[in-house]
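The following note sets out points for a colleague to check against the coordinates.

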Amino acid sequence: MAAPAQAERVEARCGRLGVYEDRAARSGRQIALHLAVLPATGRQVDSDPLFMLAGGPGQAATEAFVPLIKAFERVNRRRDIVLIDQRGTGRSNPLDCPIDPNTATPERALASAADCAKSLQANLKLYTTAIAADDLDAVRSALGYGRINLYGGSYGTRLALAYLRRHPERVRTAVLDGVNPPDTSLGETVAADAQRVLEIAFARCRADNACNKAFPSLGSKFKALLARLDREPLTVTVADPTSGLPRSVKLDRTVLALTIQSLSYAPETVSLLPLLIHTAHQSGDWRPLAAQLQLTVGNIGDQVSLGMRLSVLCAEDIPFISSKEAGRTYLGNAWVQALRETCSVWPRGAIPADFKRPVTSNVPVLLLSGEADPITPPRNAERARRTLPNALALVVPGAGHITAFRGCTPRIVADFLAAGRARGLDTACLKKNRALPFFVDPSGPEA
């Protein structure tokens, strides 16, 4: 088992389970779900495994969790870990659509989505979260497990909550990391959340002597870059991160905004933001920013099945987002508008009548949030907690999107799963977590 373009390998028992594409009809075309089981490594093994559900939407669990699996070593000593490529991802009838942001105009992107929808061998209306939750239970039953534990990351938290609603008797505990509750719509507050996280980064830079000295007036410089691209987009030549060959990258205000938002997900890339913004503003050298765009887009293309992503978002999110303006934010309506246009040509599946309601359950739940998460902020966890009376919500200082592998969080997760309850967990160690220092030049932070 391996992740795309990465050297990590994990030994696992892999298999496939056939399910009907149309689960309700229980007839017609079948698809094969790809899955992997990491057997418990210790002598004493508990019967309830941990099922790990990937994000995106569009990521495959057998790929997305390979770089993070070491964070679950303590869990794996006593429990099997089960990874399922959700239908439409990985090797479970993937709904892959090629993307090339370097040549795509909005019109061409729309045409590409329509062409992709026609080319895929699938009923695209049947790749939604509730259907995937029933797939998950079919895998549980086929593997002979009774009750299970769930770990969901980002969109995977929505799948975990959908499973908890549809199969409550099968869930012992759930860990929700970067919470995306069903009564929210992914993208509805994306501009405000992105703005909040960028302002946190700028405030940290101002408070840090080395960063503030190297990059004064960072907010003003960023606004100037946006205005510059508003007036006249640029074409920048950079080395392709995969081939090393020269490649032309088109930069306009929207592309810059989406690049900055993508870099805001992780502390490692947030630490580069002041340097990237300052370099483009002071010297007019946009190549470092353009190179980061190439890396970001390459990662998305490698890790996400875009067709499955659209099947989920176009059925479960975009129809429920109002058309109100995003206010004074750098991202504006670009993220939502691009999806709204794409969804106009993508087949829209049906969702259950109760899908957008909060999930109510007495199952013990651990809710994890990064302090500076630009897409699933801590208030999402607080919202979910209102109808989960046995839940504990934790915020990891200095962290961005997905926290289970940060600092002492792996130990907290392992303790929670071992105890089977959130009450009494020792979480004091989280106070020691800090954001990563900023790069003051290409060689790194100040020594």
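1. Helices and strands are named here from DSSP runs, numbered from the N terminus, with helices taken as H or I runs of at least four residues and strands as E runs of at least two. The model under review is predicted. On this naming, Val 363 falls in the loop between α14 (334-343) and β9 (365-370).

2. Val 363 is counted as buried, its relative accessibility being 11%, where the cut-off for burial is under 20%. Setting aside residues up to four places away in sequence, Val 363 touches Leu 164, Val 171, Arg 172, Thr 173, Ala 174 and Asn 390.

3. Ser 92 belongs to the loop between β4 (81-84) and α3 (106-119), and Ser 92 is buried, with a relative accessible area of 0%. Beyond its neighbours within four places in sequence, Ser 92 is in contact with Ala 32, Leu 33, His 34, Asp 85, Gln 86 and Arg 87.

4. Helix α4 comprises 15 residues and spans 21 Å from its first C-alpha to its last, close to the 21 Å expected at 1.5 Å a residue. Is α4 enclosed by the rest of the structure, or exposed? It is largely enclosed, because 11 of its 15 residues are buried. The buried set includes the charged residues Asp 134, Asp 135, Asp 137 and Arg 140, together with Ile 131, Leu 136 and Val 139 among others. Just after α4, Gly 144 adopts a positive phi of about 85°.

5. Thr 129 lies in helix α4 (residues 129-143) and is buried, with a relative accessible area of 0%. What does the side chain of Thr 129 make a polar contact with? The partner is the side chain of Tyr 155, at 2.7 Å.

6. How many cavities of 30 Å³ or more does a search of the whole structure find? There are two. The largest cavity holds about 120 Å³ of space. Its lining has 16 residues, with Ile 84, Asp 85, Gln 86, Ala 132 and Leu 159 nearest the centre. Helix α4 gives the most to this lining, with four residues. By class, the lining of the largest cavity holds 10 nonpolar, three polar and three charged residues.

7. The second largest cavity has a volume of about 50 Å³. Among the residues lining it are Leu 161, Pro 181, Pro 182, Asp 183, Pro 358 and Arg 383. This lining divides into seven nonpolar, one polar and two charged residues.

8. Among the open spaces, the second largest pocket has a volume of about 330 Å³. It is lined by 13 residues, and Gln 195, Glu 199, Lys 223, Arg 328 and Tyr 330 are the closest to its centre. The elements giving two or more residues to this lining are α6 (190-207) and α8 (218-231), and α6 gives the most, with five. The lining of this pocket has five nonpolar, three polar and five charged residues.

How values were computed
Residues numbered from 1 in each chain as written. Predicted model: local features only at pLDDT ≥ 70, side-chain atom pairs only at ≥ 80, totals over all residues. Heavy atoms only, no water. Buried < 20%, exposed > 50% of the residue type's maximum accessible area, 1.4 Å probe, protein only. Polar contact = N/O pair within 3.5 Å; in protein donor to acceptor, adjacent residues only side chain to side chain. Contact = heavy atoms within 4.5 Å. 1 Å grid on protein atoms, 1.4 Å probe; cavity = no way out; pocket = protein on both sides within 12 Å on 5 of 7 lines; lining within 4 Å. Points joined across faces, edges and corners; volume = space filled by probe spheres on them. Expected span 1.5 Å × (residues − 1).
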